[in-house]
Amino acid sequence: MSHPELAAEQTYVDRAYDHLERMRQAVAGAVDRVDGEVAQLAMDAWATKRLRTFEDAEQGLLFGRLDFEAFPKPLYIGRRWVHDEERLQLVINWQAPAARPFYTATPQDPHGVTLRRRFRAAGRRLIDIADESLDGSNLDGAVVGDFLLEELERNREGHMRDIVATIQADQYRLITAAPSPPIVIQGGPGTGKTAVGLHRASYLLYTHRETLARRGVLVVGPNRMFMEYVSHVLPALGENAVEQRAVAQLVDGIEPELRDRPAVAVLKADTRIVDVIARAAALRLVAEPQELVLRLEGSFISVRAREVRELLETAREELGATAAGRGRFRMDLLRQFYGAYGRVLGGAAVRNFDEVEAALRAGGYLDGVLKAAWPTVAPDRLVRSLFTSRATLAEAADGILDDAEQKLLFRRDQGWSEADVPLLDEARSLLQAAPHVYGHVIVDEAQDLTPMQLRMIARRAREGSLTMLGDIAQATGAVVYRGWDEVLPHLPRGDDAVVEELRHAYRVPRDIMDVALPLLATIAPALAPPISYRTGGDPPSFVQVGEDELLTAALQETSRLAERDGLLALIVPDELAGAFASDDLRSSDLWDGVPVLTPREAKGLEFDHVVVVEPALVAAHEQGLRELYVALTRPTKTLVVVHAQPLPAQLAGRP
């Protein structure tokens with residue numbers, strides 16, 4: 001039986017869409033009402049940006065309504081605001097303060113709300129309504145439904161969906177927290193911390209647009225696959241002013257291709273490398289100031305070597321060894337020379353500043369004096385020399401790294417690894433310029449960032465407007481932290497940071513979470529276990545086979561699950577990834593679109609169905625139990641574990 005007010009609400013929805021279209025046409029038409037080429041270009045850019053915010057309304061403009069005891073008219077909540085011809089609001093943004101009770105009102109604290117109504121829509125068509133009475137009354141024929149459970153049980157898609165219609169009170173509190181001081185959101189698998197971070201970006205831009213729009217918001221994730229997975233959420237919320245990058249993409253022009261051995265990655269994560277880079281730069285920047293002298297109008301004009309050194313020291317004291325510092329030194333030197341030109345020649349000093357500079361530059365003379373005082377050092381080349389020249393590294397690392405550590409760093413390959421990216425960022429910040437500082441930075445899977453990667457984050461959030469999302473139990477990076485107190489000292493205003501926790505696991509069913517939780521006591525005993533919000537799905541199954549049957553059995557289970565609706569993934573130990581990727585094994589059409597992932601590659605992703613292969617082999621890695629915890633908590637419906645070796649002790653009670 002349909003809700004008695006479904007037709008009336010559909011009429012309201014239709015009216016809202018009509019006015020949304022009118023608003024869209026008004027924006028599109030504004031371009032034609034501007035005179036002048038420059039104004040036209042500016043208006044085109046503005047209109048293009050504004051029109052993008054209308055595009056995603058088709059997925060459901062409205063998702064809720066609030067009735068208040070003190071107001072005669074209800075308030076409709078949606079993904080964006082809509083008004084009529086008289087500028088009266090028909091739909092308000094979910095970020096607006098007036099929408100807060102939609103997420104926070106309870107029967108115990110209703111915030112003046114008498115009814116909270118939720119809509120489920122297919123495009124522009126309403127298909128269901130659920131009412132929640134907060135004053136003890138219910139409309140005849142209305143049903144209270146759990147839209148959150150229905151949303152959680154929907155099949156996954158290739159990209160993460162926004163949760164704006166089903167944000168829970170514990171999530172909303174963190175989404176709407178002030179942009180500073182830094183906030184750390186600790187959350188176990190399925191608690192929605194990634195969604196909280198993305199919706200927080202949208203909320204902060206809406207609420208603090210004047211301060212954040214100019215400098216922007218940066219969202220950083222663990223890898224490209226993860227960033228692609230979450231890439232549609234913010235555009236769906238009407239936000240296109242957010243920059244989204246994987247941590248290895250933070251340095252422009254660098255594409256990591258190499259993979260370091262674990263011991264090398266750990267060494268490159270060590271902040272002692274900062275001192276090595278600084279010393280290597282200092283050795284290349286040894287100054288040998290020369291007198292700047294030139295004959296003009298029959299007289300010798302000069303800036304003595306001692307004066308050149310003083311100008312050099314002043315510029316470096318104020319701006320360091322950066323390109324801006326070198327530019328300041330160059331200009332100060334030219335000004336001092338031009339001043340001397342005027343003093344020596346008086347009225348005979350007929351050349352202007354540009355003409356004097358041109359005379360000094362003739363034949364490369366000025367450039368030679370500048371290079372003697374301030375040699376140009378290419379930061380990327382500097383870092384590469386530390387890896388490819390034993391002599392260069394030995395000189396720079398003397399007393400900082402021992403011989404064995406220096407030997408670890410040496411290589412002949414010309415590419416870059418992910419662990420090299422923070423070193424390049426360090427060198428570029430030292431020798432070129434510090435990176436852009438954002439209005440707010442949001443970092444997901446922050447528990448995996450090394451101290452050197454955290455320095456990259458700190459440069460882009462120097463004022464401490466920062467949100468860190470992660471789960472200490474899932475830490476599998478080169479440096480494994482026991483708690484957030486080991487992470488925060490590397491960040492600006494880390495002493496002021498607030499650590500919050502999300503406890504409710506909305507995504508992972510209880511039966512599947514129960515399989516993984518025994519690992520938690522070993523990998524993160526200080527953490528409280530996540531609380532599963534829902535039951536349902538198939539009971540987890542364990543398939544034990546002979547060693548020579550492992551691949552075949554895993555493929556059979558994967559093929560069986562491939563016939564079901566929803567996303568499927570096969571998660572395998574690093575040692576078996578190549579075997580499962582072979583063309584011979586993946587010839588079936590059932591494999592189209594089924595990813596074969598290692599546990600680390602699967603981190604942050606979610607699938608309806610997951611096959612995990614050989615837990616004992618995963619657990620044998622240095623951070624193996626953490627990797628296994630990640631793998632076991634990826635599914636939302638079905639978990640199948642295929643193994644030949646005995647299960648790890650923490651899972652030994654399973655069939």
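Does Ala631 count as buried or exposed, and at what relative accessibility? I started my notes there. At 1% relative accessibility, Ala631 counts as buried (buried is under 20% relative accessible area, exposed over 50%, partly exposed in between, with a 1.4 Å probe and protein chains only).

**Ground rules.** I'm looking at a predicted model, where local features need pLDDT of at least 70 and side-chain atom pairs count only at pLDDT 80 or more, while totals for chains, interfaces and linings use all residues. Residues are numbered from 1 along each chain as its sequence is written, and side-chain values use heavy atoms, with hydrogens and water left out.

**Entry: Ala631.** I found Ala631 in helix α27, residues 624-632 (helices are DSSP runs of H or I with at least four residues, strands are runs of E with at least two, and both are numbered from the N terminus). I set aside neighbours within four places in sequence and listed what Ala631 is in contact with: Ile571, Pro599, Val610 and Val612 (contact means heavy atoms within 4.5 Å). I also checked Gln474, which sits 157 residues from Ala631 along the chain; their C-alpha atoms are 10.0 Å apart.

**Entry: the whole chain.** I counted 27 helices and 21 strands in the protein chain. Of its 655 residues, 53% are buried. For contacts with a separation of 6 or more, I get 74% from residues 24 or more positions apart. The accessible surface is about 29400 Å², and carbon and sulfur atoms hold 50% of that (Shrake-Rupley method, 1.4 Å probe; for residues, only the protein chains shown count as cover).

**Entry: the open sheet.** Which order do the 6 strands of the open sheet take? I read β9-β8-β12-β13-β7-β14, with parallel pairing (two strands pair if DSSP finds at least two bridges between them). At the edges I have β9 (242-246) and β14 (498-502), each pairing on one side only. Neighbouring strands here are turned by 15° against each other on average, direction ignored (axes are lines fitted to C-alpha atoms, for helices over the stretch in contact, and angles run from 0 to 180 degrees between N-to-C directions).

I zoomed in on β7 (183-187) and β13 (466-470), which pair in the parallel sense over 4 bridges. Ile183 stands opposite Thr467 in β13. Then I looked at α6 (193-207), which packs on the sheet and touches β7, β8, β9, β12, β13 and β14. The direction of α6 makes about 170° with that of β12. Helix α20 (451-460) lies across β8, β12 and β13, at about 155° to β12.

**Entry: Arg459.** Arg459 is buried, with a relative accessible area of 12%. Not counting residues up to four places away in sequence, I see Arg459 touching Asp425, Glu426, Ser429, Pro435 and Val437.

**Entry: α12 and α13.** I noted that α12 (305-319) and α13 (323-345) pack at about 145°, with axes 9 Å apart. On the α12 side, the residues making the contact include Leu311, Leu312 and Ala315; on the α13 side, they include Gly325, Phe329 and Leu333.

**Entry: α23.** Last, I checked α23 (550-562): its 13 residues reach 18 Å from first C-alpha to last, close to the 18 Å expected at 1.5 Å a residue (the expected span is 1.5 Å times one less than the number of residues). Among the buried residues of α23 are Leu550, Leu555 and Leu561. The buried residues of α23 pack against β17, β18, α24, β20 and β21.
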